[in-house]
Amino acid sequence: MERITLLWALVRRDYALQYAGSFLGISWMLLQNLTLISLYSVVFLVFQWRDIGSESDYTAYLLSGLLFWIPLQELLVRGTAILTDNRSLLKRSTLGADLFLWIPYIQYLIHAFVTFFPVCILLVWKEKCNLFSIGVGFVWLALVGLYLLLLLHYLSRLNVLLKDISPLVRLLSSLLFWAVPVLYYPKGILKTWNEMNPFTIPLDIFRYLFLNQFEPQFAWVGFFPFLFVFIAVFLLSRWKLHTVIADHL
């Protein structure tokens with residue numbers, strides 16, 4: 001219980017540092033997510049820069065994809081830099097690096113939760129999801145966050161060793177966004193390319209759980225090789241980098 005209390009205090013501290021001096025404070029996070037969703041919605045729905053399918057079906061497809069990806073991208077970028085950003089606190093305390101990696105994960109859950117409300121209200125109104133599917137979808141998002149956290153154990157330590165790879169990870173996250181079928185339907189060679197992305201099948205599962213009458217577009221068995229690789233990377237970071245980073249902080 002004390003560790004949970006301490007973790008929540010660290011989450012609040014990290015929010016305070018991130019949004020220090022901001023006029024809107026933490027509300028800026030919600031505004032930013034909704035602005036991104038609104039921008040993509042205008043471009044792909046109003047201007048009709050979209051693939052085949054009815055507007056109603058594509059609306060649910062687009063919004064569910066953005067609901068999945070935006071918090072996950074924040075977790076990837078923030079999780080990579082979390083140890084470096086808390087370098088001074090790690091040096092002065094005996095809390096250990098692993099506790100700090102839970103900070104961006106808790107923030108990921110908060111961001112996903114608050115972004116769910118406006119999007120889900122629209123989709124429930126359009127009868128594209130229901131209360132049960134919303135709950136199951138959010139649980140799946142929590143599990144996908146844990147899946148990414150396996151990789152972040154390595155990336156966050158690598159960020160310490162190489163001083164700062166955050167710009168590279170931010171660029172990589174942008175490339176991953178276009179390599180996941182968030183905005184488009186996977187077809188032909190593009191679908192083959194999507195299958196090589198570790199987040200494509202988690203998104204497909206999310207849409208299946210979250211949206212009514214959504215038919216999976218990928219063979220889910222393809223997810224297991226990525227899961228095994230992420231677990232191997234996690235074990236490597238624990239084995240090789242767990243104590244090494246203490247000398248580089």
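This is a predicted model: local features need pLDDT of at least 70, side-chain atom pairs count only at pLDDT 80 or more; totals for chains, interfaces and linings use all residues.

Colleague: How far apart are the closest N and O atoms of Arg78 and Asp85?

Modeller: They are 2.4 Å apart, and the two residues form a salt bridge. Arg78 is buried at a relative accessible area of 16%, whereas Asp85 is partly exposed at 44%. Here buried means under 20% relative accessible area, exposed means over 50%, and partly exposed lies in between, with a 1.4 Å probe and protein chains only.

Colleague: Which residues are linked with Arg78 in a network of salt bridges?

Modeller: The network links Asp14, Arg78 and Asp85. The side chains of Arg78 and Asp14 meet at 2.5 Å, N to O. Arg78 lies in helix H3 (residues 55–85) and Asp14 in helix H1 (residues 2–18), so this pair ties together parts that are 64 residues apart in sequence. Both Arg78 and Asp14 are buried. As for the helices, they are DSSP runs of H or I with at least four residues, strands are runs of E with at least two, and the numbering starts from the N terminus.

Colleague: Why can such side chains pair?

Modeller: Side chains of opposite charge can pair when their charged atoms come close.

Colleague: How many salt bridges does the whole structure have?

Modeller: A search finds three. One of them joins Arg157 and Asp98, with the closest N and O atoms 2.8 Å apart. This pair links distant parts of the chain, since Arg157 is in helix H6 (residues 131–161) and Asp98 in helix H5 (residues 97–125), 59 residues apart. Arg157 is buried, with a relative accessible area of 0%.

Colleague: A change of topic, then. How many disulfides are there?

Modeller: The search finds zero disulfides, a disulfide being a pair of cysteine sulfur atoms within 2.5 Å. Cys120 is in no disulfide, and the nearest cysteine sulfur, that of Cys129, is 5.1 Å away.

Colleague: What is the secondary structure of the chain?

Modeller: The chain has 10 helices and zero strands. Of its 249 residues, 47% are buried.

Colleague: Which residues have the most contacts inside the largest nonpolar core?

Modeller: They are Trp69, Phe206 and Phe210, in a core of 54 residues. A nonpolar core is a set of buried Ala, Val, Leu, Ile, Met, Phe, Trp, Tyr and Cys residues joined through side-chain atoms within 4.5 Å. The elements that give two or more residues to this core are H3, H5, H6, helix H7 (166–179), helix H9 (200–210) and H10. H3 gives the most, with 13 residues.

Colleague: What does Phe206 touch?

Modeller: Leaving aside neighbours within four places in sequence, Phe206 is in contact (heavy atoms within 4.5 Å) with Ser64, Leu67, Phe68, Phe116, Gly137, Trp140 and Leu141. There is also a second, separate core of 14 residues, which includes Tyr15, Ile82, Leu99 and Ile103.

Colleague: And Leu10, is that residue buried or exposed?

Modeller: Leu10 is buried, at 6% relative accessible area, and is found in helix H1.

Colleague: Finally, the surface: which residues make the nonpolar patch?

Modeller: Val221, Phe224, Phe228, Ile231 and Leu235 make a nonpolar surface patch of about 500 Å². Patches are made of residues with over 30% relative accessible area and no salt bridge, where like charges are joined within 9 Å and nonpolar side chains (Val, Leu, Ile, Met, Phe, Trp, Tyr) within 5 Å. Accessible areas come from the Shrake-Rupley method with a 1.4 Å probe, and for residues only the protein chains shown count as cover. Ile231 lies in helix H10 (residues 223–241) and is partly exposed at 34% relative accessibility.

Notes:
Residues are numbered from 1 along each chain as its sequence is written. Side-chain values use heavy atoms; hydrogens and water are left out. A salt bridge is a side-chain nitrogen of Lys or Arg within 4 Å of a carboxyl oxygen of Asp or Glu.
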